Amino acid sequence: MTASSAPQRAHIGFTSHIGAMCALDGLSTPDAQKLARDIENMGYASLFFPEGGGKESLTQAAALLAATEHLVIGTGIANIHLRDAVAAEAGGRALSAMYPGRFVLGLGVSHQPMVEGRLNKIYEKPLATMRNYLERMASVPETIDQEAGRPPRILAALGPKMIELSGSDADGAMPYLVTPEQTRFTRERLGPERWVISEQGVTVGGDAEQQLRRAYNHLHIYDGFENYRASWRRQGFHDSDFAPGPSEHLARSMVAMGGAESVVAIANAHLDAGADHVVLQVIGDGLYSDPRQALAEIAAALELERV
């Protein structure tokens, strides 16, 4: 491959290496917009949010983009079973046209119990399903919002083959519930021209017992899904670390505990391992507990520049 034909990194307008991830389905849209403004004012460069079958991701992203000035908004992760590939591509291009460099379209195959249970759809082979979805997205004519082009696409990529697909057919990967060593593995697989945006769970405030309980409750959402179990096995954990529930070893490996200084250390570890951007997910006492106090403490420790 010549230098002129080498793949170019898709543009994302991050103003720093640190962002946030928050579950927003429990908030009204105006309250979610206020949270996004507060996160931006603290100095974070991005806000990524999951799609759990409640609010629709692209509409939610539009509301958050409209409420902020510089914050990059990302779907982390939009469930591909909830919308047609052409609609996802056209909607993403519209957001990129309105807010250049500020929207990231994160995509994932979700989980079999959710797809077959809640959505009443067939959960087929994840890799082939994602590849076909990306191919249908690529079929959208270039004339649709041609000036803006398509938004950067990142994939929820845990296994080696999905990581490879995120490099060949997308713009990078979002490792979730991983150690810095898995971030390093992802970077090595993707090379330098693809984005690695790593999620890191964190908990600050309260005593050590409270923080550990928060981590257990957070991981218990995921420890029944085989794709996460397989990911943890590849990272060196054993079945005893997640069955019948998360072990203390797994909890302390997946969730940064202690004070804000511990969060700074783990964020830097991901960056040193090759992450371009780290999104911090505050684990509180409930799924929709307010993350602002913890994020403010962490922002101060990181010396983020307030807007």
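Which residues of the largest nonpolar core touch the most other members?

**View 1. The largest nonpolar core.** This core has 60 residues, and those that touch the most other members are I39, Y44, L47, L107, M130 and L280. Take L280 as an example: leaving aside neighbours within four places in sequence, its contacts include I18, M21, Y44, V202, V263, I298 and L302. A second, separate core has 32 residues, among them F14, F48, V104 and L219. In soluble globular proteins, nonpolar side chains tend to be buried together.

**View 2. Helix α9 and its partners.** Helix α9 covers residues 226-234. Look for its buried residues, Y228, A230, S231 and W232. These buried residues pack against two other helices, α8 (208-220) and α10 (248-254).

**View 3. A histidine in helix α8.** Here we focus on H218, found in helix α8. Is H218 buried or exposed? H218 counts as buried because its relative accessibility is 6%, which falls under the 20% cut-off. Not counting residues up to four places away in sequence, H218 touches Y176, L177, V255, Q281 and I283.

**View 4. Confidence along the chain.** The protein has a mean pLDDT of 93, and 96% of its residues reach 70 or more. Over residues 1-6, however, the pLDDT is below 50. Beyond near neighbours in sequence, this stretch has 2 contacts in the model. Where pLDDT is low, the predicted coordinates should not be read in detail.

Methods: Residues are numbered from 1 along each chain as its sequence is written. This is a predicted model: local features need pLDDT of at least 70, side-chain atom pairs count only at pLDDT 80 or more; totals for chains, interfaces and linings use all residues. Side-chain values use heavy atoms; hydrogens and water are left out. Buried means under 20% relative accessible area, exposed over 50%, partly exposed in between (1.4 Å probe, protein chains only). Helices (H or I, at least four residues) and strands (E, at least two) are DSSP runs, numbered from the N terminus. Contact means heavy atoms within 4.5 Å. A nonpolar core is a set of buried Ala, Val, Leu, Ile, Met, Phe, Trp, Tyr and Cys residues joined through side-chain atoms within 4.5 Å. pLDDT is the predictor's confidence in each residue, from 0 to 100.
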